[in-house]
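This report covers strand pairing, helix packing and nonpolar cores. The sequence and the structure are shown first.

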Amino acid sequence: MEKPASPTKIVVKGLLSPAFPVVIFLVFLAVAAGLRVGLVEQHNNQIKANLANETRALANTLEREFAILAEAIQRMAGRMEAAPGNSEENWRRDARHYLQDFGVYQAIEWIDKDFIIRWLEPYSGNEDVIGFNVAFSDERRRALEIARRSGNLDISGVIDLRQGGKGLVIYAPIGSGEENNGFIAGVFRMETLARQLLTNRVLESFRIEIRNDGVPSYELNDSATISTSFSHSEPVELPALNWSLTLKPGVEWVDTQRSYWPAMTFASLLLMGLLTSLATLLAQLILKRNQALLTTRKDLDREIDQRKSIQQDLARLESTDTLTGLANRRFFMEDLAHTLNIADRQMRQVALVMLDLDRFQMLNDSLGHQFGDELLIKISERLNTLSDERILVAYSGGDEFMLCQQHVDNIDDVINLLGQIKQCFDEPLVVQGEGHLVTATMGIAVYPQSGLDADTLLRNADIALYRAKDQGRNTYQFYTEGMQEREVMRLELDKDLSQALANNEFVLYYQPQLNLDSSEIRSVEALIRWRHPRRGLLSPVEFIPLAEESGRITDIGRWVVMAACQQLASWKGTPYENLRIAVNLSGRELDDESLVDHIREALDAENVSADRLEVELTEEIFIQNIEHNLNQLSRLRQLGVHLAIDDFGVGYSSLGYLRDFPVDLLKIDRSFITDVTERHDDAVITRAVINLAHNLGIQVVAEGVETEEQLSFLKNHRCNIVQGYLISRPIPVVDLEKALAEGLLLTGAVVDSGL
């Protein structure tokens, strides 16, 4: 009687059976078919999701852009309500600006109380519309009556325009109730509106259907060949309208969304099944080889992991001290050099603190090196609690530590850091079960006063440390030699500043601003210079901070305004009489309650129109004491003076003041323009600022334009005005007039004079 085969032998026999590869292939075939069906269904769901996203995005775009257009019409109605006696010529000029700025209106109309179209821009091509009664039906009359009583917008829905074609009209009441003076209406052709708001990709890829109260109102791209398998609808939240948007994708769009993965997966699994079947036939022959390969692979993986671990340790050793875990001296110096480069560009200060433990060597010698190492670790842990994005702590070696403090605004910031360092030594350090009080002596060097590079700063901090040790332990000392010399110069300059106005030592230089829309120089920025009797021509950086500290900035600011008005008066009757001069105001000047009165008196004294003067304030000044500044700036705006925000985009994220403040221009900070053609982030921010300003009806000025590439970028993205060394440096008025007369500023010739 034969002995029954063991289960292992049965399994081995089955694996070696000729039928086993066929079974494997059939299993792969079944899995491949099931997976293909699942992937096809998944891709169909993804197409539906993509279509829904496209529809939602399109609906959001339509809501957002429509809201902007509606707000623009309301602003125009508001202006007409505020100035009911406005002439037809002024109204048409305002309407033409809207037509030019937005580019989507078919026409802008004024409709009187009887619903009759009285004024219309553009007139050409729309002659038949004058005198038309927009309440052409009971439904339209009821809607307009409601809007007139409530003061709310009315939107016609898609109608047959008098001018021809399909379109819609936004009616903004001019006042409400008994105070109503008709409507300002914005007329849009549906095709023009759609093509303004929609990209070519959307227009080419989808059939778009607009429904009002569920009834089809308008269909765009109705000739496109669409896929009947997919469509998606989204509601569109618009004032006074119940719209929904339906997207039906074209066949080509659906084809681009489909994936080759189902077919590739099916084929891959079939091929894998075939290869697996063949591999099974060869399994017995290669089993031992595979086992050897697996063993070798494990050995290699272990070696690779060891090498990676070693590389990580080496990288950490390059930047980190192995004992304390803090940054080592080499990494600290590299980081300090980088920090100083950034501080130089941002005109900020940096503090370097050298810290030496008092009597550490005595403790180390008497209690042993093990004690000394543990003490250093404890101290490192406490100092490391000070580390953040502004403070780097490093171990220099021996008993010395180094700290770098970035973004130092004044000496109080450094004093505060020194206080935190001293607190790290207030509590005893427990080492080997015993508490030990340790103190530290510190030397501080501040960039740029105490050195302009990392090595000099470190050397001077070390000098300050030794001076502190000479004065006793547990104290600190600033490096003051260079600072003392500069303080003497500063005091002398401050004394001379008190006589500068009386001696008529100030002069205005002018930097031209090129209008990209007209390729003309229509404005200049006035920049003050000091003709010091001994030191020659000084830039504002050297004396304006002194003037602000001493309070003389108000008198200097008044001199600048008067000098600018006198220059404007001297240009009357010359080719430069249409130039506008921009002057800069400080925060202290804006706080002066008599500022507006002084500017008015200066304009009246020189008989200069207020619109020839522009006032620039930095973004930081704008948002400080918002209520007071809004009152001051509103008074300036009523006076007729143009208002500009300088250094826009640096350090402030709230944009609410753009809505509330009467701003005419935004000046993009030069830090974004410098690398606008190199850094994607700067380009995105610059485009966003331009679009934001234009949507709010504000013009944009770009500062610091120094290359043709920067100029081309700004032109392409509809920046209104540019200034910078590519156009001209700040120059005296004589050089300015000469350059304008000879056309040098418009031909790319270099114009440079003085600072």
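## Pairing of β12 and β13

In this predicted model, tyrosine 395 stands opposite phenylalanine 401 in β13. The strands β12 and β13 (residues 400-408) are antiparallel to each other and pair over six bridges.

## The five-stranded sheet

Both strands belong to an open sheet with mixed pairing, in the order β12-β13-β11-β16-β17. Its edges are formed by β12 (391-397) and β17 (476-478), each of which pairs on one side only. On average, neighbouring strands of this sheet are turned by 20° against each other, direction ignored.

## Helices on the sheet

In soluble globular proteins, nonpolar side chains tend to be buried together. Here the largest nonpolar core has 78 residues, and the members touching the most others are Ile581, Val583, Ile599, Leu666, Leu714 and Val722. Helix α16 (residues 553-570) gives the most to this core, namely nine residues.

Which residues is isoleucine 581 in contact with, leaving aside its neighbours within four places in sequence? They are Tyr510, Val524, Ala526, Ala564, Gln567, Leu568, Trp571, Arg612, Leu613 and Glu614. Another core, of 49 residues, lies apart from the largest one and includes Tyr98, Ile170, Ile174 and Leu247.

Key: Residues numbered from 1 in each chain as written. Predicted model: local features only at pLDDT ≥ 70, side-chain atom pairs only at ≥ 80, totals over all residues. Heavy atoms only, no water. Pairing = 2+ DSSP bridges. Helix = DSSP H or I, 4+ residues; strand = E, 2+ residues; numbered from the N terminus. Axes fitted to C-alpha atoms, helices over the stretch in contact; angles between N-to-C directions. Core = buried A, V, L, I, M, F, W, Y, C linked by side-chain atoms within 4.5 Å. Buried < 20%, exposed > 50% of the residue type's maximum accessible area, 1.4 Å probe, protein only. Contact = heavy atoms within 4.5 Å.
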